[in-house]
Amino acid sequence: MGFTEEYGRLKKITEDGLAALLPENIPDKLRKSMAYSLTDGGKRLRPVMYLAVCEAYGRPLTGRDIAVACAIECVHTYSLIHDDLPSMDNDDMRRGRPTNHKVFGPAMATLAGDGLLNLAYELLSAVVCMDPGYAPVMREISACAGALGMVGGQALEFDTDLSKADARRLTDITILKTAKLFECAVVGGALACERENSLPAWRAFAAAFGRAFQLRDDLLDIESGEHSLAALLGKERAEQELEKLTAEAEKALSMTDCEGGFLSELTAAVLRRNTDGL
Ligand code: GRG
């Protein structure tokens, strides 16, 4: 199976899981608001990475892994809904469609994000009840998503005058806001496979991957006048930095002691080329 088919297979496993996630008896408008963002065709990069790490260690996927993958995507989706709110970035469009709060209003969009975050922990705790071996996976996701992870990164960004921020500060924000969710996906997969020895390599991989991912995103947007590391460095230096971080991610991946062929192709596809086909 080629890379695109392999990515499509793991993405479909995630999306089939997501499609069955929202109980019918959630209050109607809240359910519609949650479903609007959960089923609207993101790349599903983080759950695909979790599932790919499990498979890279030669473990057949179980329903528990699919639940973990769906929980990670619920956390990601909640963060996008909240990030778009008028009190945060105040964005009108996401994934080519009006943002959640533009369709359902800021109050319902806030609640949809809250609902998705709680659903993530309901899924994870149900998995841990069935198999306590997944407790470290749940702990990792909580830590990476929380105040010392993604939420902390968002707070740091709000507390920063981006027009005056130096490269160190912008990098610190990215490591928390962007890289931490990638970290819990790959470290979560390694923990589910009881590969504790590989965790430093996965953490190094996620930090480099997350920084490169953000830089690539910023580069696509460099003409917009927004303050970012790419804008601060300038296009040429930002491209060199992206190449350096991509090589760093690939090196870290080679030290994880897994069959990393698919993840290596995914790293190149996401960081070196364009992600439209994912
Ligand atoms: C509000 C708690 C809270 C956190 C917000 C994730 C985040 C932190 C903000 C989203 C805005 C943003 C530009 C984040 C940087 C990471 C990034 C580029 C996310 C988009 O991820 P993709 O490209 O999204 O994987 P899709 O649409 O494919 O799911």
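This is a predicted model: local features need pLDDT of at least 70, side-chain atom pairs count only at pLDDT 80 or more; totals for chains, interfaces and linings use all residues.

Residues are numbered from 1 along each chain as its sequence is written, and side-chain values use heavy atoms, with hydrogens and water left out.

**Ligand.** I looked up Lys-43 and found an N or O atom of its side chain 2.6 Å from an oxygen atom of the ligand. For Arg-46, the side-chain N or O atom is 2.8 Å from a ligand oxygen. Arg-95 puts a polar side-chain atom 2.7 Å from an oxygen atom of the ligand. I count 17 residues around the ligand (a heavy atom within 4 Å), and the closest also include His-76 and Asp-83.

**Helix terms.** Helices are DSSP runs (H or I, at least four residues), numbered from the N terminus. Axes are lines fitted to C-alpha atoms over the stretch in contact, and angles run from 0 to 180 degrees between N-to-C directions.

**H8 and H9.** I find the axes of H8 (residues 150–158) and H9 (residues 167–192) coming within 7 Å and crossing at roughly 150°. The two are therefore roughly antiparallel (angles over 145 degrees). Their contact (heavy atoms within 4.5 Å) includes Met-150 and Leu-156 from H8, and Ile-173 and Leu-176 from H9. By class I note 5 nonpolar, 3 polar and 5 charged residues (Ala, Val, Leu, Ile, Met, Phe, Trp, Tyr, Cys and Pro are nonpolar; Asp, Glu, Lys and Arg are charged; the others, Gly among them, are polar).

**H7 and H9.** H7 (residues 135–145) also meets H9, with axes within 9 Å and a crossing of roughly 170°. That makes H7 roughly antiparallel to H9. Among the residues in contact I see Val-137, Ile-141 and Cys-144 of H7, and Cys-184, Val-187 and Leu-191 of H9.

**H10 and H12.** I find H10 (residues 199–220) and H12 (residues 235–254) packed at about 155°, axes 8 Å apart. They are therefore roughly antiparallel. Their contact has 15 nonpolar, 1 polar and 6 charged residues, including Trp-202 and Phe-205 in H10 and Leu-242 and Leu-245 in H12.

Notes
Angles under 35 degrees count as roughly parallel, over 145 as roughly antiparallel, 65 to 115 as roughly perpendicular and the rest as oblique. A polar contact is a pair of N or O atoms within 3.5 Å; within protein, one must be able to donate a hydrogen and the other to accept it, and residues adjacent in sequence count only if both atoms are side-chain atoms.
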